[in-house]
Each structure stands twice: as C-alpha cells, then as structure tokens.
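Me: I would like to learn how to read a few features of a structure. Please take them one at a time.

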Amino acid sequence: MPFEIREADPRDATALSALAYRAKAHWGYSDEWLRIWSGDLRISSEYLNAHHGFVAVAEGSPVGVCVLELDGIAGTLEHVWIAPESQRIGVGRALVTRALETASQVGAVRVSVLPDPFAEAFYLRLGARRVGSVPAPMPGSPERLLPRLEFTLCVPVTS
C-alpha cells in the first residue's frame, strides 16, 4: 500500500486520536486499561500546533502518526501510532525517520521514547538503545515497566 508522509494539521486531531486508540487496542489490552489510557491517547489540535507532528496518509486517510517534542538539544517521540492494517510495511519506520531527521536539523543530539513494551524491538531495529525503564503499573500488573530508549543523532555540519 503506497503512503505519503506530511506534516500534521490541527484539523487531524480527531482522526489521529481514533487511530491512537485503535492502534493501542490492537495489542489486546483489556477494556479497563484502555479506559484508563483514554485521556493519554487523545491528541488535541493544540498539541499538534505546539509540536512537530507527522502523519502517514494512504488513500486519503491517516494510517500513522508520530509527534516530536523538542526541548533544546533533546527531543521526545510521542504518539507513534500505526493503524493495525498498516503495520509492517514501513509506515512506522518512515514516520520515525522523518521525526529524527527533523530533530537533527534543528540541532537536537538525542531523542528519547518510552514505548509500549510490544514496540521496543521496533525502535531497537531503528537504532535506539535501551537506557533504562520506568514504572508503569496498571491494575493487575503492579510491576509493569516501560522501556526508556534513546536515539543519538548526528547534527548536520553547516559551512
């Protein structure tokens, strides 16, 4: 399936929020956990205005999203969601690569991500390294952890 990557538009917020929920639900989490996460899965138009958002579009519909939050020389990947039917065809790789290129272009030297445990291998394949973990307890899983991953970027040399 061909797709293109474009910058997110604040008008994408509702569709991207629905995509985030669908992508998270695809991992088989309980309805209880999904209810707890519902606020975290919401992507607002204000949020998209404040950060670098990228959307993968196929046949006129969003099939993936990735948001880059920047703070000086550091960045964070947030809301990396791929529609279940669009996984494993390069959408996630293209979105993360675009975000990392953007971070490098503006002078960031590292970008971190706290992925869902199911997505850790994806980020490691893209060149991230595990630098730790953070507690993320949920009902019935008090010891649950999220991996803390980091990409080290090459800053472009200007002449």
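Reply: Start with accessibility: Arg6 counts as partly exposed, at 28% relative accessibility. Buried means under 20% relative accessible area, exposed over 50%, partly exposed in between (1.4 Å probe, protein chains only). This is a predicted model: local features need pLDDT of at least 70, side-chain atom pairs count only at pLDDT 80 or more, and totals for chains, interfaces and linings use all residues. Residues are numbered from 1 along each chain as its sequence is written, and side-chain values use heavy atoms, with hydrogens and water left out.

Me: Which residue does Arg6 meet in a salt bridge?

Reply: Side chains of opposite charge can pair when their charged atoms come close. The cut-off is a side-chain nitrogen of Lys or Arg within 4 Å of a carboxyl oxygen of Asp or Glu. Here the partner of Arg6 is Asp12, at 2.8 Å, N to O. Asp12 counts as buried because its relative accessibility is 12%.

Me: How many salt bridges does the structure hold?

Reply: The structure holds 6. One of them joins Asp116 and Lys24, with the closest N and O atoms 2.7 Å apart. That pair links distant parts of the chain: Lys24 is in helix H1, Asp116 in the loop between strand S5 (110-113) and helix H5 (120-125), 92 residues apart. Helices (H or I, at least four residues) and strands (E, at least two) are DSSP runs, numbered from the N terminus. Both Asp116 and Lys24 are buried.

Me: What span should helix H1 have at 1.5 Å a residue?

Reply: The expected span is 1.5 Å times one less than the number of residues. For the 13 residues of H1 (residues 13-25) that gives 18 Å, and the end C-alpha atoms are 18 Å apart, so the two agree.

Me: Which residues of H1 are buried?

Reply: An α-helix has 3.6 residues a turn, so residues three or four places apart point the same way. In H1, Ala13, Leu16, Ser17, Leu19, Ala20, Ala23 and Lys24 are buried. They cover an arc of only 160 degrees around the axis, so they lie on the same side of H1. The arc is that of the directions from the helix axis to the C-beta atoms. These residues pack against H2, H3, strand S2 (52-58), S3 and S4.

Me: With which residues is Ile43 in contact, leaving aside neighbours within four places in sequence?

Reply: Contact means heavy atoms within 4.5 Å. Ile43 touches Ala13, Leu16, Ser17, Ala20, Leu48, Val65, His79 and Trp81.
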